[in-house]
Amino acid sequence: MIMLFARNQCHAVFVFVNRGCWMDVWELMSQECRDEVVLIDSSCLLETLETYLRKHRFCTDCKNKVLRAYNILIGELDCSKEKGYCAALYEGLRCCPHERHIHVCCETDFIAHLLGRAEPEFAGGYERRERHAKTIDIAQEEVLTCLGIHLYERLHRIWQKLRAEEQTWQMLFYLGIDALRKSFEMAIEKVQGISRLEQLCEELSEEERVRELKQEKKRQKRKNRRKNKCACEISTLQSPGDAKAQEGVGGKNVLFEKKTDSRTNLHKLQVAVHS
């Protein structure tokens, strides 16, 4: 669980830097806020530096080099006595030894440069990898990396607070809209005299009734089809007997007619003989 949380945090950090979310925060700030953000406390920077040295397992000599580069930055060591010191690396940084803080240049490009130095830390490429700083100029670069990390942490906390405020505002807005909707529905129910739940139940009952009616019609159609089919079958079975019966009746009529004709003819002959 802890490893998953740490991985998600690192991913959020990388997205924050890589997608330039810090720039959105930076542009929202007034000049006074920017000056406050880039005012770095020396002790806080030292804590970030020590955490960085432990994470990357610097050897004793390299660790001392990095700490000397840090002491040069805060004005506790004379840079002229350090062999290999590069003054150009600390351009844009100004130290106040008495107040123990560091002023960082407020230019956007300079801030982006410092955050770019710290970006590999957030991407995870340097995680738990042993590093070295054999020369003072390399040690200065490590100090600048820690300064970028420290600046990032400040900007990221500000960004998180802004996001939290925005999300809180959105939640309050949607809650207000939902409350208005409920009040409107209650007012409509009061006017109509029926609640939305009751109306929904009636609609469901009506749908069920219509569905049952359709099923009943289908059942009746099937029943009528079965009746018609049975009637056709019965008439088909009765048709041969009816034909024979009709033929029998027709034959009897012919015989009757023939008998009648013969009797008429016999009568005529008898009358002719007697005359």
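User: Exposed means over 50% relative accessible area and buried means under 20%. With that in hand, does Arg225 count as buried or exposed?
Analyst: Happy to start there, and please keep in mind that this is a predicted model. Arg225 sits in helix α8, which covers residues 196-274, and belongs to a surface patch of positive charge whose members include Lys221, Arg222 and Arg226. Its relative accessibility is 52%, which is over the 50% cut-off. Arg225 therefore counts as exposed.

User: How many disulfides does the structure hold?
Analyst: A disulfide here needs two cysteine sulfur atoms within 2.5 Å. The total comes to zero. Cys62 shows the point: the nearest cysteine sulfur, that of Cys59, is 3.2 Å away, and Cys62 is in no disulfide. So the number of disulfides is zero.

User: Which parts does the salt bridge of Glu76 and Arg100 tie together, and how many residues apart in sequence are they?
Analyst: In this pair, the closest N and O atoms are 3.2 Å apart, inside the 4 Å limit for a salt bridge. Glu76 is partly exposed at 47% relative accessible area, and Arg100 is partly exposed at 40%. Glu76 lies in the loop between α5 and β2, while Arg100 lies in the loop between β2 and β3, so the pair ties together parts whose separation in sequence is 24 residues.

User: Arg181 forms a salt bridge with Asp178; how far apart are the closest N and O atoms?
Analyst: Both residues belong to helix α7, where being three residues apart separates them by about one helical turn. They are also linked with Lys182 and Glu185 in a network of salt bridges. Between Arg181 and Asp178, the closest N and O atoms have a separation of 2.7 Å.

User: What distance separates the C-alpha atoms of Gly92 and Phe110?
Analyst: Gly92 is in the loop between α5 and β2, and is partly exposed at 37% relative accessible area. Along the chain, Gly92 and Phe110 are 18 residues apart, and their C-alpha atoms are separated by 7.7 Å.

Note on methods. Residues numbered from 1 in each chain as written. Predicted model: local features only at pLDDT ≥ 70, side-chain atom pairs only at ≥ 80, totals over all residues. Heavy atoms only, no water. Patch = residues over 30% accessible without salt bridge, like charges linked within 9 Å, V, L, I, M, F, W, Y side chains within 5 Å. Areas by Shrake-Rupley, 256 points an atom, 1.4 Å probe, with all protein chains shown as cover. Salt bridge = Lys/Arg side-chain N within 4 Å of Asp/Glu carboxyl O. Lys, Arg positive; Asp, Glu negative; His and termini not counted. Charge placed at Lys NZ, Arg CZ, Asp CG, Glu CD. Helix = DSSP H or I, 4+ residues; strand = E, 2+ residues; numbered from the N terminus. Buried < 20%, exposed > 50% of the residue type's maximum accessible area, 1.4 Å probe, protein only.
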